[in-house]
Amino acid sequence: VTIVDTGVRGTIAVGLVPKFYRLDHQPGWLPYSVAYHADNGKLYNGNPVGKQFGPKCARGDRIGCGIHSENTEAGLTTVFFTKNGGEVSISSKGSSASFALNKGFQCFNF
């Protein structure tokens with residue numbers, strides 16, 4: 001995702017959420033979700049309290065999220081985040097949750 005405009009609130013996040021996720025909550029705030037928040041550089045891993053994780057992002061930065069699936073047989077999915085093409089850090093989540101991609105096709109209620 002290329003950050004073109006940070007908007008009024010400046011809250012931008014990329015991550016993974018389950019299909020049933022409430023659209024009035026930021027990714028990572030609720031259980032079974034994980035997200036990198038570009039506005040403060042924190043990782044939210046199923047909790048509304050984030051932990052310092054990476055750099056803050058601004059207009060013109062490109063941020064992303066992906067998964068490494070090599071460990072799915074062991075019950076782990078490795079989630080990674082990128083900023084401007086470089087990996088920020090790694091977070092592991094159990095693979096029992098199924099994730100759905102939302103590239104802006106569904107509205108978030110913010």
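User: Starting with His37: buried or exposed?
Analyst: This is a predicted model. In it, His37 has a relative accessible area of 3%, and because the cut-off for buried is under 20%, His37 counts as buried.

User: Where does His37 sit?
Analyst: His37 is placed in strand β2, which covers residues 34-37.

User: Which strand pairs with β2, and in what sense?
Analyst: β2 pairs with strand β3, residues 42-45, in the antiparallel sense, over 4 bridges. Within that pairing, Tyr36 stands opposite Leu43 in β3.

User: How many residues are between the strands in the hairpin of β2 and β3?
Analyst: There are 4 residues between β2 and β3, and Gly41 in that hairpin takes a positive phi near 75°.

User: What is the bridge partner of Leu43 in β4?
Analyst: Leu43 has Lys51 as its bridge partner in β4.

User: Which residue takes a positive phi in the hairpin of β3 and β4?
Analyst: Gly46 does, with phi near 70°, in a hairpin that has 5 residues between the strands.

User: Changing topic. How many aromatic pairs turn up?
Analyst: Searching the whole structure gives 3 aromatic pairs. In one of them, the ring centres of Tyr36 and Phe81 are 6.0 Å apart and the planes are at 55°, so the pair is tilted.

User: Which parts of the chain does that pair link?
Analyst: Distant ones: Tyr36 is in strand β2 and Phe81 is in strand β6, residues 76-83, with 45 residues separating the two.

User: Are Tyr36 and Phe81 buried or exposed?
Analyst: Tyr36 and Phe81 are both buried.

User: Which residues do the ring pairs link into a cluster?
Analyst: Tyr36, Phe53 and Phe81 are linked into a cluster by ring pairs.

User: Next, how many salt bridges?
Analyst: The count comes to 2 salt bridges. Side chains of opposite charge can pair when their charged atoms come close.

User: How accessible are Asp24 and Arg22?
Analyst: Asp24 is partly exposed at 35% relative accessible area, and Arg22 is also partly exposed, at 46%.

User: What does Lys83 form a salt bridge with?
Analyst: Lys83 forms a salt bridge with Asp61, where the closest N and O atoms are 3.7 Å apart. Lys83 lies in strand β6 and Asp61 in the loop between β4 and β5 (63-68), so this pair ties together parts that are 22 residues apart in sequence.

User: Asp61: buried or exposed?
Analyst: Asp61 counts as buried, at 13% relative accessibility.

User: Last one, Pro55. Where is the place of Pro55?
Analyst: Pro55 is in the loop between β4 and β5. At 39% relative accessibility, Pro55 counts as partly exposed.

User: Which residues does Pro55 touch?
Analyst: Not counting residues up to four places away in sequence, Pro55 touches Tyr36, Gly41, Lys83 and Val88. The C-alpha atoms of Pro55 and Lys42 are separated by 8.2 Å, and these two residues are 13 residues apart along the chain.

Terms used
Residues are numbered from 1 along each chain as its sequence is written. This is a predicted model: local features need pLDDT of at least 70, side-chain atom pairs count only at pLDDT 80 or more; totals for chains, interfaces and linings use all residues. Side-chain values use heavy atoms; hydrogens and water are left out. Buried means under 20% relative accessible area, exposed over 50%, partly exposed in between (1.4 Å probe, protein chains only). Rings of Phe, Tyr and Trp (its six-membered ring) pair if their centres lie within 6.5 Å; planes under 30 degrees apart count as stacked, over 60 as edge-to-face and the rest as tilted. Two strands pair if DSSP finds at least two bridges between them. A salt bridge is a side-chain nitrogen of Lys or Arg within 4 Å of a carboxyl oxygen of Asp or Glu. Contact means heavy atoms within 4.5 Å.
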